[in-house]
Amino acid sequence: MKIAILGAGALGCYYGARLAEAGHDVTFILRSAYEPVKAQGLRVNSVYGDIYLPQPSIARRPEDCGPVDLIIVSWKTTCNELLSAALPPLLGERTRVLTFQNGMGNAEAIARVVPAQRVFIGLCFVCAMMDEPGTIRHLEGGAIQFAPLQPTPEGAAQAQELSELFRGTPVETRTALHAEQILWTKLSWNIPFNGLCLAHGGISIRQLFLMPGEGERARRIMNEVCRTAELRGYPLPAEIITRQMEQTSRMGDFIPSSAVDYNRHRPVEYEAIWGTPLARAREVGAQVPEWERLCHDIQARLQERYSQK
């Protein structure tokens, strides 16, 4: 399959390299990393086995790539205003678009450019960082859940086809019919841990767990997110909180994506990860005081940063 990775940062490069490893024709659309990757190739140092692509197919712009079978959108949600310009050059008559982005509202944004029946969600549970342009460090995880934006039998079948693209790689995949179900699954981690590491100034998971009471605060926020999912009709597995707390405690020096963006003075994906999901919680009358307090702390942190400019 001919695949374009739109927004080839740490996540896009990791999964794109795995797809290339599986034999697919993958083009990485790069910005700042274009020259380093052109000169040195793409390297992934992974707990599941390293990958080195000495001469990967790369492009600076979608126009330089042309139509593909599958577009994987993995750029930050703060770039979604560029979708209307970036997607058309990559589209053929049957091109499908898969978002690997954080938070809610991304598939709907893509569906304003591409027919909704060709839009899919991939929820990635992975710890990966770009140590330097063209070099990815994969620390843990990598599983993906796929779902169609439109919950139809045809959409479910196509989501299964996307899942099977990773056959022969270490990436574990599964599918679901309802996109919102899997969105809440990842948000149950992203909202508390991405949020707390950001609110405390861009710290690592290790630093967060060393702060008195913050581990339990994360658990309380996660409880509120899970309760919201239940009220919206998408109950999450009973053991998810215990499992995620245990897994997260082993992540060590991993810094979640929004904390990395904060540290690097880049825009933070506030609306997709915290704002839009909180609005959906309020739609069903969920009581989420810890989540609201976290949002206040994040906004205060971001306002402080903006006021320093």
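This is a predicted model: local features need pLDDT of at least 70, side-chain atom pairs count only at pLDDT 80 or more; totals for chains, interfaces and linings use all residues.
Arg280 forms a salt bridge with Glu180, with 3.9 Å between the closest N and O atoms. The pair links distant parts of the chain, since Arg280 belongs to helix α12 (residues 270-283) and Glu180 to helix α7, 100 residues apart. Glu180 is itself buried, with a relative accessible area of 13%.

This pair is part of a network of salt bridges that links Glu108, Glu180, Arg232, Arg280 and Glu283.

## Other salt bridges

The count for the structure comes to 23 salt bridges. One of them joins Glu290 to Arg220, with the closest N and O atoms 3.0 Å apart. Here too the pair links distant parts of the chain: Glu290 lies in helix α13 (residues 289-307) and Arg220 in helix α9 (residues 214-231), 70 residues apart. Glu290 counts as buried at 16% relative accessibility, whereas Arg220, at 36%, counts as partly exposed.

The side chains of Asp131 and Arg137 also meet in a salt bridge, at 2.8 Å from N to O. Asp131 is partly exposed at 41% relative accessibility, and Arg137 is partly exposed at 34%.

## Nonpolar cores

The largest nonpolar core contains 71 residues, and those with the most contacts inside it are Val73, Leu87, Trp184, Ile191, Trp274 and Trp291. Helix α7 (residues 179-199) gives the most to this core, with 12 residues. The surroundings of Ile191 can be listed in detail: leaving aside neighbours within four places in sequence, Ile191 is in contact with Leu196, Ile221, Val225, Ile273, Trp274, Pro277, Trp291 and Leu294. Two of these partners, Trp274 and Trp291, are themselves among the residues with the most contacts inside the core.

A second, separate core has 37 residues, including Tyr15, Leu19, Leu30 and Leu42.

## Strand β6 and its partners

Strand β6 (residues 70-73) is paired with two strands. Four bridges join β6 to strand β1 (residues 2-6), and the two run parallel; within this pairing, Ala4 stands opposite Ile71. Four bridges also join β6 to strand β7 (residues 96-99), again in parallel, and Leu98 in β7 is the bridge partner of Ile72.

In a regular strand the side chains alternate between the two faces of the sheet. In β6, Leu70 and Ile72 point one way and Ile71 and Val73 the other way, and all are buried. Val73 is also one of the residues with the most contacts inside the largest nonpolar core.

Gln101 is found in the loop between β7 and α5 (106-110). Gln101 counts as buried because its relative accessibility is 5%. Which groups does the side chain of Gln101 reach through polar contacts? The side chain of Gln101 reaches the backbone oxygen of Trp75 at 3.2 Å, and it makes a polar contact with the side chain of Asn80 at 2.8 Å.

Not counting residues up to four places away in sequence, Gln101 touches Val73, Trp75, Lys76, Thr77, Asn80, Asn106 and Ile110. Among these, Val73 belongs to strand β6 and is buried.

## Cysteines

A search of the whole structure finds zero disulfides. Cys127 counts as buried, at 5% relative accessibility.

Cys226 is likewise in no disulfide, and the nearest cysteine sulfur, that of Cys295, is 16 Å away. Cys226 also counts as buried, with a relative accessibility of 12%.

Methods. Residues are numbered from 1 along each chain as its sequence is written. Side-chain values use heavy atoms; hydrogens and water are left out. A nonpolar core is a set of buried Ala, Val, Leu, Ile, Met, Phe, Trp, Tyr and Cys residues joined through side-chain atoms within 4.5 Å. Buried means under 20% relative accessible area, exposed over 50%, partly exposed in between (1.4 Å probe, protein chains only). Contact means heavy atoms within 4.5 Å. Two strands pair if DSSP finds at least two bridges between them. A disulfide is a pair of cysteine sulfur atoms within 2.5 Å. A polar contact is a pair of N or O atoms within 3.5 Å; within protein, one must be able to donate a hydrogen and the other to accept it, and residues adjacent in sequence count only if both atoms are side-chain atoms. A salt bridge is a side-chain nitrogen of Lys or Arg within 4 Å of a carboxyl oxygen of Asp or Glu.
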